[in-house]
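Thanks for coming. I will go through one structure, starting with a helix pair and ending with the ligand.

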Amino acid sequence: MSRVAVIGGGISGIATAYYLNKAGIPVDLYEAAPAIGGRIGSERMDGRWVDFGGKNIGRKYRRFRGFVRDTGDFPFEYFGFNTSQVIDGKVVSMTKESRQLSNLFGFLKLAGLRGVSVLYPWVRAVMKDNSQGMLRTPFFNDVSQKLDHLSLADCFPPRCANHLIRPVTVRMNGAEPDECYPGNFGSNLALVLDSYEQLKGGMHQLLEAFAADRSGLLAIRTGHRVERLSRCDRGGGVDVAYTCNGSGGSVSYDRVITALPAVQLSALLGGSLPEAAEILDRVRYYPVSVAIAAYRDNVFRKEQRAMVFDGTSPLSNAGAYGILDLDLVRYTFSGKAARAQINPESKAEDVIFQAEKKVLPFFSIAENIRTSMIYKYLSPGLCAYSPFHFRLFSELQDKLASFSGLYVTGDFRRGASIEACFAAAEESVKHLMTGELF
Ligand SMILES: Cc1cc2nc3c(=O)[nH]c(=O)nc-3n(C[C@H](O)[C@H](O)[C@H](O)COP(=O)(O)OP(=O)(O)OC[C@H]3O[C@@H](n4cnc5c(N)ncnc54)[C@H](O)[C@@H]3O)c2cc1C
């Protein structure tokens with residue numbers, strides 16, 4: 001098969017290139033930034049690489065773990081589940097290490113009878129069949145049909161929405177419960193029901209090994225920003241117009257797979273398929289900022305390694321970078337209060353200073369000294385999909401059917417988790433190989 005262009009070098013594009021190469025198909029991978037990774041990127045801090053984006057890998061991430069094994073020898077370390085929040089003036093903790101019964105009791109108290117009656121069938125569906133924990137599955141399409149005229153906030157009592165649902169949506173979608181919809185919640189539940197590890201050497205090592213490609217089937221074109229995708233004049237195929245170092249170029253391919261957030265794909269299709277672009281613009285993304293700060297002494301105790309904050313605070317979550325990195329804090333800012341107070345021009349120092357004030361009563365910050373930090377404002381940050389997302393997706397399929405040779409993957413196809421990005425990429429590559437549309 002002739003070379004396939006993959007547009008976007010985040011984990012969706014990397015997964016797509018991986019599956020194509022595995023099938024013996026050569027790939028040109030276009031990435032606008034100087035390095036691949038996108039929202040699983042890493043930066044150097046204090047002589048080590050730290051991951052500012054996606055890094056926690058579920059034990060059920062079967063596809064991603066297969067990719068890691070095929071790429072080299074990259075051990076994982078336990079990350080666990082450990083979170084606390086203030087409820088009615090008291091710190092309430094839920095941890096993987098504590099007894100399951102006390103977690104269950106805490107859960108039931110927060111959910112209330114109505115919360116349990118809504119959540120129980122959803123949780124059972126995902127526990128019975130983990131593949132339901134993605135976007136657009138039969139079970140959750142049905143939930144969507146019945147309930148997506150309501151937001152998640154409308155489906156649960158306020159206590160449950162604020163203390164159980166919000167920590168999940170703010171963390172995984174960058175959005176409040178009133179900005180998320182029941183039909184998409186299965187993709188979050190699959191993550192809540194998993195347990196986590198992270199790569200010992202971080203994402204950076206893995207990406208370097210992938211980029212070093214020994215098969216000879218992968219050409220990575222970093223610094224190449226694709227400006228436009230259009231139908232080839234000669235009929236069939238796709239023209240990819242790009243800029244690199246200030247000059248432009250164009251290459252024609254029989255087949256192209258885009259691996260971009262919906263909002264960025266919309267910008268590329270606006271000229272040739274405005275109706276598809278309009279549909280893509282309805283997929284919601286919310287910004288998220290991440291700061292990683294190192295301190296002279298441990299900030300956390302092993303038993304209490306993370307804290308989520310309520311809707312009044314721009315700081316949504318503060319947690320230890322790893323189970324052995326109790327002196328390294330990852331601060332995450334997402335949700336409405338973060339959007340109101342933090343923007344691309346906000347100064348890193350001010351944002352972190354406010355966060356430190358917020359965590360002061362809970363962790364050892366007061367006498368501690370911050371030795372270094374990195375800060376990132378990510379927009380698009382996290383995908384919150386759309387109400388009746390499965391319908392939006394089939395409308396998109398209809399519009400793209402006329403664009404022969406163009407296939408689409410990304411975080412809005414099966415979900416935003418790294419594993420869901422792999423599932424979507426695998427599916428798109430299968431479609432390309434079998435000649436199925438889209
Ligand atoms: C802060 C944060 C924490 C997260 N934590 C986790 C986690 O612990 N576990 C988990 O499973 N998931 C996590 N996620 C979710 C997951 O990391 C993301 O959903 C996923 O990385 C998205 O990958 P993507 O390739 O679809 O998009 P992106 O990473 O955004 O990749 C798109 C790429 O395309 C490039 N690009 C854009 N426009 C063009 C163009 N015109 N031409 C060429 N290239 C272009 C961009 O530079 C980018 O590299 C997290 C996400 C965030 C933001």
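Helix α6 (residues 158-172) and helix α7 (residues 185-192) pack at an angle of about 100°, their axes being 11 Å apart. Axes here are lines fitted to C-alpha atoms, for helices over the stretch in contact, and angles run from 0 to 180 degrees between N-to-C directions. Therefore α6 and α7 are roughly perpendicular to each other, a term for angles of 65 to 115 degrees. V168, T169 and M172 of α6 make the contact with N188, L191 and V192 of α7; contact means C-beta atoms, placed from the backbone, within 7 Å. Four of these residues are nonpolar, two are polar and none is charged.

A word on the source. This is a predicted model: local features need pLDDT of at least 70, side-chain atom pairs count only at pLDDT 80 or more, and totals for chains, interfaces and linings use all residues. Residues are numbered from 1 along each chain as its sequence is written.

Next, A337, which is found in helix α11 (residues 336-341). A337 counts as partly exposed because it has 19 C-beta neighbours inside 10 Å; 20 or more would be buried, 12 or fewer exposed. Leaving out residues up to four places away in sequence, A337 touches G311, T312, S313 and P314. T312 is 25 residues from A337 in sequence, yet 6.0 Å away in space, C-alpha to C-alpha.

Finally, the ligand. Where does it lie relative to domain 1 and domain 3? Both domain 1 (4-67 + 200-283 + 386-434) and domain 3 (285-384) give residues to the shell around the ligand, so the ligand lies between them.

How values were computed
Domains from an automatic or database assignment. Helix = DSSP H or I, 4+ residues; strand = E, 2+ residues; numbered from the N terminus. Contact = placed C-beta atoms within 7 Å. Parallel < 35°, antiparallel > 145°, perpendicular 65-115°, else oblique. Nonpolar A, V, L, I, M, F, W, Y, C, P; charged D, E, K, R; others polar.
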